[in-house]
Amino acid sequence: MRFRCLFKYLLFIKLALIASSENPFLKDAENVEQITNSAECVLRLSGKYFVEKKALSGSIIIVSVNSKASAAENFLLRTMHGGKNYSIMVKNAFRQHANASHFPEKAKNYLMILKKKFELLNHLIQLSGLPSWNPLAKAIIYYRLKTGEKGEDVSKAFINELRHYKLLKSIAFIYSPVTDEVTSYSWTPYDSKNCAGKCKHVYVLDVCKNNNIRQLEVQRDMFPLDLKGCPLITYAIISEPYVMPPERKVANTMWNDAYEFQKGGEINLVKIISQFTNMSLIIRMSEKVENWGEIYPNGTAGGGYGLLMNDSVDLLIGNIEVTRKTRKLFHPTISYTQDEMTWCVPKARQAVTWDNLIIIFQWTTWLATFSSVLVMGLIFHYLHYQENRDTKWPTYSILMTLCMLLGWAAKFDAKSSQFRILMFGWLCFALNMGITYESFLRSFLMHPRFDKQISSQSELIDSGIPLGGRQIYRAYFETNNASSFYLYRKYNSTTFAEGIRRAALSRNFGVVASRKQAEYMDQELGKGAGLIYCFPESDNLYKYGVVLLFRKWFPMLARFNNIIRSVSENGLIDKWNEELFIHRISSDGTGTIMPLSIQHLLGAFMLIGILYGVSVAVFLFEIFLGFFKKNNRIQDVNVRTPSL
């Protein structure tokens, strides 16, 4: 009996110790009034600071608590459920969370209830692994002070821990059991002495006691309009005309790869952003050409992507195209312009000019014309022979008929009316043909002609020339389509600049290229004359929006997007492009009127030379024939004359 009483007594003591150890928020079960007052204060203060200037209805609040909630925590949750129209999710930081991919919506607010200070890290580790993780949300920490702790020091430690996880919009609700007050502390990440660095100072927003809130200071703007010279660190990839080469290297900075840039559409854009926000623009650049880098399967990255991933820079520029990988690892801005990915090949050479006088008409026209000369020459010969009976060979008549066609002087002694009417008809035909030929010739000589241009993917494959481009575009052709598979196998990885140079200067390469970049490089390499031909829009590989790429959870992305939208709507980006392409030529190069030169008339001179050569050959043949006949006559005379 005594043993049972002793056992019950010891069990009661153990339960009391467990209750007190598990409930530091409530050291004794009698202080229900403190629980009620603190819970009501937390409810009212959170309602004041959650989701600024927006309705609380529908905003997601993730409350993170331990598995064994105290009476105060239970009462606080019940109070929040009943007092405001919150959408609350309760998370347990000490249990492994199930797959939450079915709920990808981002949290708007976080409330983390701590019993001990080290628990904050457990809460952050769990929450940061969820699809709803959002460092741009409001984060509130609730903590009850222990003996010897100061609210200001504890709140700074909490805010710095939150800052490590990129939660800058943070407030600490600190409950003091001595004064029975809940004090709210906050900080300013950006001010004249701090640029989102370590929190060194906090200020008191409110003090709440007995459900009465006394406001000491209005919450300061965490991201003010004037950032007072805070650095905006940019990493630039030379991508003309988006980012033009730098003017000079910047000395006396903590970065040994900082350069001064003056030209380029994206350079102008980030300069305007830095001016609107009053930030110090720092542009870094790698000595390696086109050092965008590569994102590896294990989640790491190199080059510019690597610097952006480890937060060494804030922004990456250089004709960035957003892919699934980059969107998952970084935060792009809104698209400020559109570009096209297409094939660019060597421009077709100018056609040879020696046949300019011949190819004006098709071969059937020439055949019909010369047949007409022959037929009419025979008819004229027949009529002339019937009237004069002077020669049996039609050579003279055909020659005179050709002279009439060419508008040269011709002599026919036509006596009959039939002969004269027929000659008049032929003269009308000759006049019409001469005018037509001359008109076509003038138009033909004033416009340059080109060989057949490769203008489609099938023609590119048939040509057999090498092809390729940047490595990241090779995966685009990895499909089951026969032509794409051929391109995938034949694809040569090279830099953009090298591919364009091979296509323009070496004329032995087809390159996958940005249309704007290719046109600008073509303008520079050709000094105004086009050297490459980019496929028409109908044969593009695809179109894409050009963006600026910020590091993950950059806090001022929304403001920068507004600036970019304003710049785009005001037409500044189009103006910059027009300035860069001020000497832009037509896409096909055939719209330019070129002055006539000897090269255009080479065919005429060659024809005259050929005719002169034929005339000389005929003349030499006649001399030889006359000399041969003369020798024959002398020999005949010698044979017939008897010797004396």
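The legends below describe close-up views of a predicted model.

Residues are numbered from 1 along each chain as its sequence is written, and side-chain values use heavy atoms, with hydrogens and water left out.

**View A. Strand 22 and its pairing with strands 15, 16 and 17**. Helices (H or I, at least four residues) and strands (E, at least two) are DSSP runs, numbered from the N terminus, and two strands pair if DSSP finds at least two bridges between them. Strand 22 (residues 542-550) runs antiparallel to strand 15 (residues 315-321), to which four bridges join it, and Leu-316 stands opposite Leu-549 of strand 22. Strand 16 (residues 331-332) is also antiparallel to strand 22, with two bridges between them, and His-331 has Phe-550 as its bridge partner. With strand 17 (residues 337-346), strand 22 pairs in the antiparallel sense over five bridges, and here Met-341 is partnered by Tyr-542.

View B. Residues 395-412 are 67% helix and 0% strand, with end C-alpha atoms 13 Å apart, while residues 418-440 are 100% helix and 0% strand, with end C-alpha atoms 33 Å apart. Axes are lines fitted to C-alpha atoms, for helices over the stretch in contact, and angles run from 0 to 180 degrees between N-to-C directions; angles under 35 degrees count as roughly parallel, over 145 as roughly antiparallel, 65 to 115 as roughly perpendicular and the rest as oblique. The contact (heavy atoms within 4.5 Å) involves residues of helix 9 including Thr-369, Val-373 and Phe-380, which meet residues of helix 10, among them Ser-397, Ile-398 and Leu-405. The residues of this contact of helix 9 with helix 10 divide into nine nonpolar, five polar and no charged, where Ala, Val, Leu, Ile, Met, Phe, Trp, Tyr, Cys and Pro count as nonpolar, Asp, Glu, Lys and Arg as charged, and the others, Gly among them, as polar.

**View C. The contact of helix 6 with helix 17**. The axes of helix 6 (residues 265-277) and helix 17 (residues 572-580) come within 10 Å and cross at roughly 145°. Gly-265, Asn-268, Leu-269 and Ile-272 of helix 6 meet Leu-572, Trp-576 and Leu-580 of helix 17, a contact of five nonpolar, two polar and no charged residues.

**View D. The packing of helix 14 with helix 15**. Helix 14 (residues 496-506) and helix 15 (residues 515-525) have axes that come within 10 Å and cross at roughly 55°, and the two helices are therefore oblique to each other. Phe-496, Ala-497, Ile-500, Arg-501 and Ala-504 of helix 14 make the contact with Gln-517, Ala-518, Met-521 and Leu-525 of helix 15; by class, these are seven nonpolar, one polar and one charged.

**View E. Backbone geometry at Pro-241 and Asp-180**. Glu-240 and Pro-241 are joined by a cis peptide bond with omega of about 5°, and Pro-241 lies in the loop between strand 11 (231-236) and strand 12 (248-249). Asp-180, although not a glycine, has a positive phi of about 55°, in the loop between strand 5 (170-176) and strand 6 (181-186).

Methods
Predicted model: local features only at pLDDT ≥ 70, side-chain atom pairs only at ≥ 80, totals over all residues.
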